[in-house]
Amino acid sequence: MRIHHLNCGTCCPVGGRAFDGRTDGLFGALVCHCLLIETDAGLVLVDTGFGTKDVEHPDRRLSRFFLGLNNPQLRSEETAIAQVRILGHDPRDVRHIVVTHLDFDHAGGLEDFPNATVHVTAREKEVADQRQGGAFVGDKRYRPQQWNGVDDWRLYPLGGGDRWFGFDTVRSLEGLPPEILLVPLPGHTWGHTGVAVREDGGKWLLYAADAYFYRGEIGGEHYACTPGLRGYQRLMQVDAASRLTNLERLRQLQLEHGEEVRIFCAHDVVEYELLAGRSYKASPSRAQLSA
Ligand SMILES: [Zn+2]
């Protein structure tokens, strides 16, 4: 399985370093880290970032509140569908999308791939349809127009499942190879999950999505988060206790199995650049040509 790391949406919140921990200047940089995986079951996309309709009609598709706070750049060349094409694939070959949760910055590209089966937890679909994502942000984070056109869903329970490195509710996905697993990590939203993918060499990647936001929250000697992202995580969480329990489990996983599992989140620009091997601003084609 070949795994591509894609940035499917750059957000530039006011605050610079107070958000991303590295930028000098007024605007920080956060990515929407997505994966495109070439498998025997076709192309599999993990999260979708912003989609073409978000780029074309941001005021209709996204909330004014998050357009202001996150300041998404909404470039058509950053959409997953544009990058799938740049990599030489037909968007119709994207047969599966695993979406960690249905927030506006993860579900925006779903409708760009009408041939795909969409995999998500049943709980997430339910609360997103009812826009139960917090009293203030519930109707702003969940934008049903982003997924109303999807008709082929596969919904999974949060509980039960198998054991995987101390996580005991992990699930394989219908029609997908056993090297791609759903790893429930609720707290940010009620049905939020991570996705584990086994690389050809045997090492696992664990995409933790929005279970944490800043590289310093995992794997450091002293855990740290920027004030901007600390505030954002609190604003977006629906269940603080679950979120912090899952953050602790991810830290434990990193300490005990850091050699076997590489953990990363959705929005940290440094984690993205290390895994993608290129700047968050660069399209995948350039890296492909020089590889
Ligand atoms: Zn997010």
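**Close-up views of a predicted model**

View 1. Along the chain, the donors of the zinc ion are spaced as D-H-x103-D-x56-H. D105 lies in helix 6 (residues 104-107) and D210 in the loop between strand 11 (204-207) and helix 9 (227-236), so this pair ties together parts that are 105 residues apart in sequence. Helices (H or I, at least four residues) and strands (E, at least two) are DSSP runs, numbered from the N terminus. This is a predicted model, where local features need pLDDT of at least 70 and side-chain atom pairs count only at pLDDT 80 or more, while totals for chains, interfaces and linings use all residues. Residues are numbered from 1 along each chain as its sequence is written, and side-chain values use heavy atoms, with hydrogens and water left out.

**View 2. Donors around the zinc ion.** D105 (OD), H106 (NE2), D210 (OD) and H267 (NE2) coordinate the zinc ion at 2.1 to 2.6 Å. Donors are N, O and S atoms within 2.8 Å of the metal (3.2 Å for Na, K and Ca); water is not among the atoms, so sites may look incomplete. The angles among the 4 donor atoms run from 83 to 158°, and the site is irregular. Four donors count as tetrahedral if all angles lie between 85 and 135 degrees; four count as square planar and six as octahedral if opposite donors are over 155 degrees apart and all others between 65 and 115; anything else is irregular. D105 is buried at 4% relative accessible area, and D210 is buried at 1%. Buried means under 20% relative accessible area, exposed over 50%, partly exposed in between (1.4 Å probe, protein chains only).

**View 3. An aromatic cluster.** F50, F65, F66, F104, F136, F213 and Y232 form one aromatic cluster. Rings of Phe, Tyr and Trp (its six-membered ring) pair if their centres lie within 6.5 Å; planes under 30 degrees apart count as stacked, over 60 as edge-to-face and the rest as tilted. By this rule there are 11 aromatic pairs. The ring centres of F65 and F66 are 4.9 Å apart with planes at 75°, so this pair is edge-to-face. F65 is partly exposed at 30% relative accessibility, whereas F66 is buried at 1%.

**View 4. Charges over rings.** The charged end of K140 sits over the ring of F136, 4.0 Å from its centre. R141 has its charged end over the ring of Y142, 5.7 Å from the centre. The rule asks for NZ of Lys or CZ of Arg within 6 Å of the ring centre and within 35 degrees of the ring normal.
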